Amino acid sequence: MFQVAALYRFASFDDPAALRQPLLDLCVKQGVKGTLLLAREGINGTIAGPVDGIAEVIAHIRALP
């Protein structure tokens, strides 16, 4: 089963570029695809993939400083 998640999180990221690769690696590993926009103001996007994979990506995003 696949799941779609539309998400945003307002947060102050000092270096959004540094968050990119770990998040991309996790998405690839979990079979999650979509678009995530990282900016100094936070993160916004829509992703789709296996239910467990979406849960892992969302948990990672929630754990960001």
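For sorting residues here, Ala, Val, Leu, Ile, Met, Phe, Trp, Tyr, Cys and Pro count as nonpolar, Asp, Glu, Lys and Arg as charged, and the others, Gly among them, as polar. The model is predicted, so to speak with its own ground rules: local features need pLDDT of at least 70, side-chain atom pairs count only at pLDDT 80 or more, and totals for chains, interfaces and linings use all residues. Residues are numbered from 1 along each chain as its sequence is written, and side-chain values use heavy atoms, leaving out hydrogens and water.

**Exercise 1. Work out how the lining of the largest pocket divides by residue type.**

Start with the list: Arg-20, Leu-23, Leu-24, Cys-27, Val-32, Lys-33, Gly-34, Thr-35, Leu-36, Leu-38 and Ile-47. Sort them, and you get seven nonpolar, two polar and two charged.

**Exercise 2. Find out whether Cys-27 is buried or exposed, and what Cys-27 touches.**

Begin with the location: Cys-27 lies in helix H1. Next, check the area: Cys-27 has a relative accessible area of 8%, and buried means under 20%, exposed over 50%, partly exposed in between (1.4 Å probe, protein chains only). So Cys-27 is buried. Then look for contacts (heavy atoms within 4.5 Å): leaving aside residues up to four places away in sequence, Cys-27 touches Val-32, Leu-36 and Val-57.

Note on methods:
On a 1 Å grid over the protein atoms alone, a cavity is a set of points where a 1.4 Å probe fits but cannot get out, and a pocket is an open set with protein on both sides within 12 Å along at least five of seven lines; lining residues have an atom within 4 Å of a point. Helices (H or I, at least four residues) and strands (E, at least two) are DSSP runs, numbered from the N terminus.
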